Each structure stands twice: as C-alpha cells, then as structure tokens.
Amino acid sequence: MQDQFVVYPIKIKPTGENSSNYLVYLPDFQGYTLGEDYDNALFMARDYIGTRSLFNKLPPAIKHLPLVGGSETALFIKVNITSFRLQHGVRANGYL
C-alpha cells in the first residue's frame, strides 16, 4: 500500500504572555486546536487533520500561507493519512 500524504497551511500563536500553550488555526477546515507547547501544537494539528480524514473527505488544500500578524507564524504541515488511518484501525475501505 502506498502512503497518502496531505499538506495544509496552519497559523500558530502563543495564547498569552504567561502561557506556554499555542493556538493553531487550520484555515482549510475553519477549525482550531490547542497545544501545551509548540511541538504539541504541531502534533495536535496533525491529529486534527488525521481525525477528520477518518470521518470526512478532506478539503482541497490552499496552496499559499495565510497572512499573519503579531506573534503568529504560518507554515505548511504534512500528514501521512495512510499511517494515521492504520494507527487508528481503519483502512481506506473501512475498519480492519
């Protein structure tokens, strides 16, 4: 089985001056997720996309980074959908 990868833009920013939490915005999904630190926020963004792939067809990805301001950062995040689905007991044609 060949791996299927998707790439989506995200915006990430700290939630406040005295917090190590990061808020992630996924514009293609018009959704948010939160991480306990920067690395966890990236993990949560991948998990958000992977989980959506279990139940819904994924939207086409925007091919450009969103505009940012202040403490925000924009980047592309890559998710191995095949691996995610197998880790969660799902094949392309249904459950294992």
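1. Let's start with one definition: a residue is buried when its relative accessible area is under 20%, exposed when that area is over 50%, and partly exposed in between. Tyr38 has a relative accessible area of 31%, so Tyr38 is partly exposed. Tyr22, at 22%, is partly exposed too. Please keep in mind that this is a predicted model.

2. Tyr22 and Tyr38 make an edge-to-face aromatic pair, with 5.5 Å from centre to centre and 85° between the planes. Tyr22 belongs to strand 2 and Tyr38 to helix 1 (residues 38-55), so their pairing ties together parts 16 residues apart in sequence.

3. Next, the strands. Strand 1 (residues 5-14) runs antiparallel to strand 2 (residues 22-26), and four bridges join them. Strand 2 also pairs with strand 3 (residues 31-35), again in the antiparallel sense, over five bridges. Tyr25 is a handy landmark: this residue of strand 2 is the bridge partner of Lys11 and stands opposite Tyr32 in strand 3.

4. Follow the chain through the hairpin of strand 2 and strand 3. Four residues lie between the strands, and Gln30 takes a positive phi near 50°.

5. Which residues form one aromatic cluster? Tyr8, Phe29 and Tyr48 do. Both Tyr8 and Phe29 are buried.

6. Finally, visit the surface. Val7 is in strand 1 and counts as partly exposed because its relative accessibility is 39%. Elsewhere, the charged end of Lys78 sits over the ring of Phe5, 4.6 Å from the ring's centre.

Key:
Residues numbered from 1 in each chain as written. Predicted model: local features only at pLDDT ≥ 70, side-chain atom pairs only at ≥ 80, totals over all residues. Heavy atoms only, no water. Helix = DSSP H or I, 4+ residues; strand = E, 2+ residues; numbered from the N terminus. Buried < 20%, exposed > 50% of the residue type's maximum accessible area, 1.4 Å probe, protein only. Pairing = 2+ DSSP bridges. Phe/Tyr/Trp six-rings, centres within 6.5 Å; stacked < 30°, edge-to-face > 60°. Lys NZ or Arg CZ within 6 Å of the ring centre and 35° of its normal.
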